[in-house]
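Here is a short report on one protein chain. It starts with contacts along the sequence, moves to the overall fold and surface, and ends with a single residue.

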Amino acid sequence: MATQVHFVHTNSDEETAVVGVLVQMVSNDNQAFQPIVEVVSDVLYKNESTRLQSTLNIGKLLPESPASYYGYTGSLTTPMCTEDVAWYILKKTQTIGKKQLQTFLKVYSVEEEDKNSKCLLAPNNRPVQNLNGRVVYASK
């Protein structure tokens, strides 16, 4: 089973960029994700936050050769579906342990009082969108 992880970034000018990483589920845990997995149960609902209990090495969440990617200008995949977002989808994949992925699948996109099974973060992909003249390019 393959899924995708998005790292969403916004700068001081409110410009948004997303780095997408395809993640392949495997039997063994990926220790790079463990600091996040340890606290996911503290942030199951929208607008909740917590502190990590151990050090997170963001670089290890990315696959080898992260400079190899596809890029395009698109929109966010969740409401408000903001446009003019710079997307970078890494060409190489990363792995995540089956148990680790199952932990993420318990997260909701809404506040606790609004939860229902349709509001789980996954599967939350929207239908494929028309290109509308969009150009997709590849790094060298």
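Among contacts in the protein chain between residues at least 6 apart in sequence, 58% join residues at least 24 apart. The model is predicted. The chain holds three helices and six strands. Their order along the sequence is β-β-α-α-β-β-β-α-β.

Next, the dimensions. A compact globule of 140 residues would have a radius of gyration near 14 Å; the protein chain has 16 Å, which agrees. The C-alpha trace spans about 40 × 35 × 35 Å along its principal axes.

The table collects values for the whole chain.

| Property of the protein chain | Value |
|---|---|
| Share of the 140 residues that count as buried | 25% |
| Accessible surface | about 9800 Å² |
| Part of the accessible surface belonging to carbon and sulfur atoms | 51% |
| Positive side chains | 13 |
| Negative side chains | 14 |
| Distance between the centres of the two charge sets | 11 Å |

Now a single residue. Ser139 sits in the segment after β6 (137–138). Is Ser139 buried or exposed? Ser139 counts as buried, because its relative accessibility is 15% and the cut-off for buried is under 20%.

Technical notes
Residues are numbered from 1 along each chain as its sequence is written. This is a predicted model: local features need pLDDT of at least 70, side-chain atom pairs count only at pLDDT 80 or more; totals for chains, interfaces and linings use all residues. Side-chain values use heavy atoms; hydrogens and water are left out. Helices (H or I, at least four residues) and strands (E, at least two) are DSSP runs, numbered from the N terminus. The radius of gyration is taken over C-alpha atoms; the globule rule is 2.2 Å times the number of residues to the power 0.38. Buried means under 20% relative accessible area, exposed over 50%, partly exposed in between (1.4 Å probe, protein chains only). Contact means heavy atoms within 4.5 Å. Accessible areas come from the Shrake-Rupley method with a 1.4 Å probe; for residues, only the protein chains shown count as cover. Lys and Arg count as positive and Asp and Glu as negative; His and the chain ends are not counted. The place of a charge is taken as NZ of Lys, CZ of Arg, CG of Asp or CD of Glu.
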